[in-house]
Amino acid sequence: MNNDPQKPEKIHGIAHLFAAARYSMGGARRLWGETAFRLQLLAGLCLVAILIWIGAELMHVVMSIVLVGLTIAIEAINTAIEEIVDLVSPEWSLPAKHAKDLGSFAVFAMLCLNGVFAVFVTLTTLNWI
């Protein structure tokens, strides 16, 4: 029994799946508010379209979609880190800065991996290497 009026009751069974889907959609709506996410999504869609247009192998297109999806997932985690840090450390602090910088670096690393993969696929597809 839940005695805390602020804390919702724990959901079990099939209702948990529907609740989890609602929570995920709430996260997607929150992420949509991030300019970085929208730009990453647009760039990812353009990248996949270009790979299809140049005739890249299906496996390369699928791998690119996976990398874009992972980038979006890392951006969601980065946004969550920023939200939590802003909540628990409203004043500037070095550990808060480090947490935000590390989340940002994770996104940057994924963007670099997307770029390296795109260049590799493009060069091999066009027989330039």
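These are my notebook entries on what I looked up in this structure, which is a predicted model.

**Entry 1: salt bridges**

I began with the charged pairs. Side chains of opposite charge can pair when their charged atoms come close. How many salt bridges does a search of the whole structure find? The search turns up four.

I went to Arg30 and Glu83 and found their side chains meeting in a salt bridge, 2.5 Å from N to O. Arg30 sits in helix α1 and Glu83 in helix α3, so this pair ties together parts 53 residues apart in sequence. I checked how open the two ends are. Arg30 comes out at 35% relative accessibility, so I logged Arg30 as partly exposed. Glu83 is at 39%, so Glu83 also goes down as partly exposed.

Next was Lys100, which forms a salt bridge with Asp86; the closest N and O atoms are 2.6 Å apart. Lys100 belongs to helix α4 and Asp86 to helix α3, so here the parts being tied together are 14 residues apart in sequence. Lys100 is partly exposed, with a relative accessible area of 28%. I have Asp86 at 42% relative accessibility, which again counts as partly exposed.

Then I looked at Asp101 and Lys97, whose side chains meet in a salt bridge at 2.5 Å, N to O. Both residues lie in helix α4, four residues apart, or about one turn of the helix. I noted Asp101 as partly exposed at 37%, and Lys97 as partly exposed at 36%. Back to shared partners: salt bridges join Arg30, Glu34 and Glu83 into one network.

**Entry 2: Leu31**

I moved one place along to Leu31. Is Leu31 buried or exposed? Its relative accessibility is 9%, and the cut-off for buried is under 20%, so Leu31 counts as buried. Leu31 is part of helix α1, which covers residues 14-32.

I also listed what Leu31 touches, leaving out residues up to four places away in sequence: Phe37, Ile72, Glu75, Ala76 and Thr79. Leu31 and Ala80 are 49 residues apart along the chain, and their C-alpha atoms are separated by 9.2 Å.

**Entry 3: a nonpolar patch**

I wanted to know which residues form a nonpolar patch on the surface. They are Leu58, Met59, Val62, Met63, Val66 and Leu70, and together they have about 560 Å² of accessible area. Leu58 is found in helix α3, residues 58-88. With 66% relative accessibility against a cut-off of over 50%, Leu58 counts as exposed.

**Entry 4: Ser89**

Where is Ser89 placed? I found Ser89 in the loop between α3 and α4, with α4 covering 94-125. Ser89 has 17% relative accessibility, so I put Ser89 down as buried. A polar atom of the Ser89 side chain lies 3.1 Å from the backbone oxygen of Glu91.

**Entry 5: Asn127**

Last, I checked Asn127, in the segment after α4. I flagged its backbone: phi is positive, about 55 degrees, although Asn127 is not a glycine. Asn127 is exposed, with a relative accessible area of 65%.

Definitions and conventions:
Residues numbered from 1 in each chain as written. Predicted model: local features only at pLDDT ≥ 70, side-chain atom pairs only at ≥ 80, totals over all residues. Heavy atoms only, no water. Patch = residues over 30% accessible without salt bridge, like charges linked within 9 Å, V, L, I, M, F, W, Y side chains within 5 Å. Areas by Shrake-Rupley, 256 points an atom, 1.4 Å probe, with all protein chains shown as cover. Helix = DSSP H or I, 4+ residues; strand = E, 2+ residues; numbered from the N terminus. Buried < 20%, exposed > 50% of the residue type's maximum accessible area, 1.4 Å probe, protein only. Polar contact = N/O pair within 3.5 Å; in protein donor to acceptor, adjacent residues only side chain to side chain. Contact = heavy atoms within 4.5 Å.
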